[in-house]
Every structure is written in structure tokens, then in C-alpha cells.
Amino acid sequence: MEKKKILIVEDETTLQKTLAEFLAEDGFEVLCASDGEQAVALAKKGKPDLVLLDIILPKKDGYEVLTELKSEADTKNIPVILLTNLESPEDIDKAFEKGASTYLVKSNYKLEDIAKKVKETLKM
Amino acid sequence: MKIVNDLNFRKQAKELGISMWKTPSFLFLLMGIITIVAMASVYYVSNFYESPEVLVIAESVVVITIFSIGNSIILEVERIARLNKMKSEFVSVASHQLRTPLSAIRWETELLLTKFGKGLSEKQKSGIETINLLAIRMTRLVSDLLDVARIDQGRLILKKSCFDLEKIVQETVHSLIVVAKGKNTNIIFKNSGTPVIVVGDAEKLRLAIENLISNAIKYTDGKGKVEVSVRKKNGFVIFSSKDNGVGIPDEQQSQVFNKFFRSDNAVKYQTEGTGLGLYIAKNIIEQSGGNIWFQSKEGIGSIFSFSLPLCSPVKARHFTAKAGSKHKA
């Protein structure tokens, strides 16, 4: 079976690295972006099966990235899981309104749980 | 008694962190004295001088003095309120900044243990596990501090949606079984087997329930028994957690829900704890339209309970239908 491709959008390099290594060990192909603009470009070029998206990002924030991905025919069907430290009900509602599949608060989740959510979303 | 207490300037000055001459109650008293003295002297002056100019001047002096003292009271109160706000803001910003490095420590240690653990000795593994557990504990502390800062600033916003309380209790009990076993304590959850749909913020209420049950476990030693139950009563659902632990001394029971409160016997018994759990739980439950209460006897145990409004039948039906269709998909 072909490897599923995940795009990780995270500006904090240590978090990006651990998440990427964990998912790679779990058998995923991993792409990484450190800001919003890079994220949109990579999503269009790399055709990931799923995007893990932070909200507070340089250049373009996570909501803008999400809106852009959902408005383009190529990328609108890619499921997006938001992975952030924001946790107010407004942030969560806004994310779902814009088309996020799942919303995870970083400090509440282990890597294993995140990988599980990714697999659930991809129906693996 | 209250008056004497209010007049204890030194104590008030210490509490507010300002000098005695600036405490509102001292300035207020001063204002009172000046008013009385001024009235007496105006009366005295008016007996000696019949000219209205002198009277007007005397009165103006009194009014100006009182006005400036009143003004300095207001300024001081304003300054204290601003400082208090800055403190809450500092706590939220600082805690928020701590979250990223803490996540990094947690994830990095988890990665080491689960994916790159080959070749590590048992000792090395257990060391890394400890770091991981401590980082998780610190993360909890940081979220508690954030919640307290939100409560103090009136910014704790709760979602209002219908959810199955029984499922959340079940999951929480399940996640705490390991901790309970480690303390040789048994948790029993008497579930009713049917969904109990309530209105509130599921995630925050999960936190409140976790605080109550983990307290029950924490303060129960060996051969302990914690009984958790959920039942319906008059449009409300009542959650209870009963333990046979150390209990709370009678004279301290009124302070149980205060911020940072820890009872004397609890501190002796278990050093870990911040005294924030019940304060947070109370705020979450009351803001969700419920009530929280307890019964406790030192050396025998405690029962902590809360009530929450049930979801209206129409919405509850909608919820069950939605959950059902999700399940099928």
C-alpha cells in the first residue's frame, strides 16, 4: 500500500521535528511547513492526504490557510486537523465553520493520540 | 466586630500592599473626622463673624479638602484594581508561553520511549518516563493556572451544548483506574446504562469531574473505595463521588472551595496539590447552571456532589439521533 502523505504546519521547530519523526515511524510520508505561505504552496504542490495545522503562524495564520485550502478545487477535499494551543470556544467554532475536520489542543494530546486521530480521519 | 476589623488599617495595608496612610478605610475615617471638625468650626466661625464671605471661604476650604481626600481614595482603589488585572494578565501570558516548551518535552520523551527506545536500558527508560510524567503534571498545573486567571478576569467562556454526561464520567473513571490501582483503591462507577444528556461545556466539565474523582483517590489511602454515581432528579442530574478517605476537618469545611485552600490534614497526608482543583470545579459547575456541595467527616470520608441541568427533551432527541448517525458512519 502506498504511504499516506501528511503535511505538518508548525512554526515551532522542536514540535515540528518530533511530530514529523513520530508520524514517519508510524509509516507516513511527512511534509513540513513553518509558515502559512509555505503551507499553502506545499499543500498545492505536494498533494497531501491530510494537513495538521497550527493557528498562530508567521505570514498567514492557520485560519487564512484553512480558508484558502477550502476555497481551491485542488485542495478543498484534503481533511485538515487543527493542532493548536488556543482553546477558547470562539476559536474552535471558527475552525469548524471554516471546514476543519478535527480540533486538537496540543497540550492535551500525546503524539500517540494525535496519530490515532490522523488515522481515524483518514479511515485507516 | 466587623467595624473593628474594618478599622484595622495595618492589616488592610498589609493585605493591599500599600502604606497605612493610603488605605481606603483610613482615608474614609479621616474624611469623616474632617467633616465633623469642619462643620463645628464653620458653626464657630459663623458665631464670631457675621460676614457671609468668611462663611463661604470656610465652607469652600472644607469642600475642597473632602473632595481631594475622596479623590485620593478613588485613585488608590483604581491603582489596586489595575495591578490586580496586570497580575492576572501576567499569569495568563506566562502560562501560555510555558505550554510550547512543555509540549516539546512531553512529545520528545514520548518519541524516545515509543519509537527510539531500542537499546535503552531499563534505568534509562524509567528516567525518561519520569521526565515525561513530570512534564504532564506541569502541563496540568499550567492549565489550572490559566483557568484560574480566566475565572478571575471573568473570561472563562463555556460552550453550551448537549452531551452525554454518563459517557464522560465513564471515560474519566477509566482513565483514572491506573492511578487508583497504584494507591490500592477501588473505583466503582454505578452507571444507569442509559445516556444522561445534560447542557454545558463537555471538556470543562470533564475537567471538573476529573478534579473531584482524582481528589477522592488522592486522599484515600490503601484499601480505599471510591464510588461514583450519576442519577436524574427533577430536571437535573446529580453526580456524586464518595470516598472513605481522610475527610475534611469541621472547622475548615467552609473554606473548601477557596482558591489555594488545602486542609491541614490533606497537607500532612499528601504534599502534592495546589488547592486550585475545587475552586476551578466550582466555577465551571456554577457557570454551567449547576450547584456543587459536599459532606465530609474527618477520618471517615467525603462525598462531593454536583447538579447540572438536563438537556431539553427536544434537543436531547436531536443529540441522540446525531450521535447515532455518526456512529453508523
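So, which strands of chain A does H1(A) lie across? The answer is S1 and S2, and H1(A) runs at about 165° to S2(A). Angles here go from 0 to 180 degrees between N-to-C directions, with axes being lines fitted to C-alpha atoms, for helices over the stretch in contact.

Quick housekeeping. This is a predicted model, where local features need pLDDT of at least 70, side-chain atom pairs count only at pLDDT 80 or more, and totals for chains, interfaces and linings use all residues. Residues are numbered from 1 along each chain as its sequence is written, while chains are lettered from A and ligands numbered from 1 in the order in which they are written. The H and S names are DSSP runs numbered from the N terminus: helices are H or I with at least four residues, strands are E with at least two.

Okay, the sheet in chain A. Five strands make an open sheet, ordered S2-S1-S3-S4-S5, with parallel pairing. Two strands pair if DSSP finds at least two bridges between them. At the edges sit S2 (29-33) and S5 (102-105) of chain A, each pairing on one side only. From one strand to the next, the twist averages 20°. Zooming in, S1(A), residues 5-9, is joined to S2(A) by five bridges, and A:Ile6 stands opposite A:Val30 in S2(A).

Next, helix H2 of chain A, residues 36-46. Its buried residues include A:Gly36, A:Gln38 and A:Val40; buried takes 20 or more other C-beta atoms within 10 Å of a residue's own, exposed is 12 or fewer, partly exposed is in between, and C-beta atoms are placed from the backbone. What covers the buried residues of H2(A) includes S1, S2, S3 (50-53) and H3 (62-71) of chain A. After H2(A) comes A:Lys47, with a positive phi near 45°.

Over to chain B. Helix H3(B), residues 24-48, packs against H4(B), residues 52-114, at about 175°, with the axes 10 Å apart. That makes the two roughly antiparallel, since angles over 145 degrees count that way, under 35 is roughly parallel, 65 to 115 roughly perpendicular, and the rest oblique.

Last, where the chains meet. The contact takes 16 residues from chain A and 16 from chain B, and two residues are in contact if their C-beta atoms, placed from the backbone, lie within 7 Å. On the side of chain A that touches chain B, H1 (13-25) and H5 (111-121) of chain A each supply at least two residues. H1(A) gives the most, with seven.
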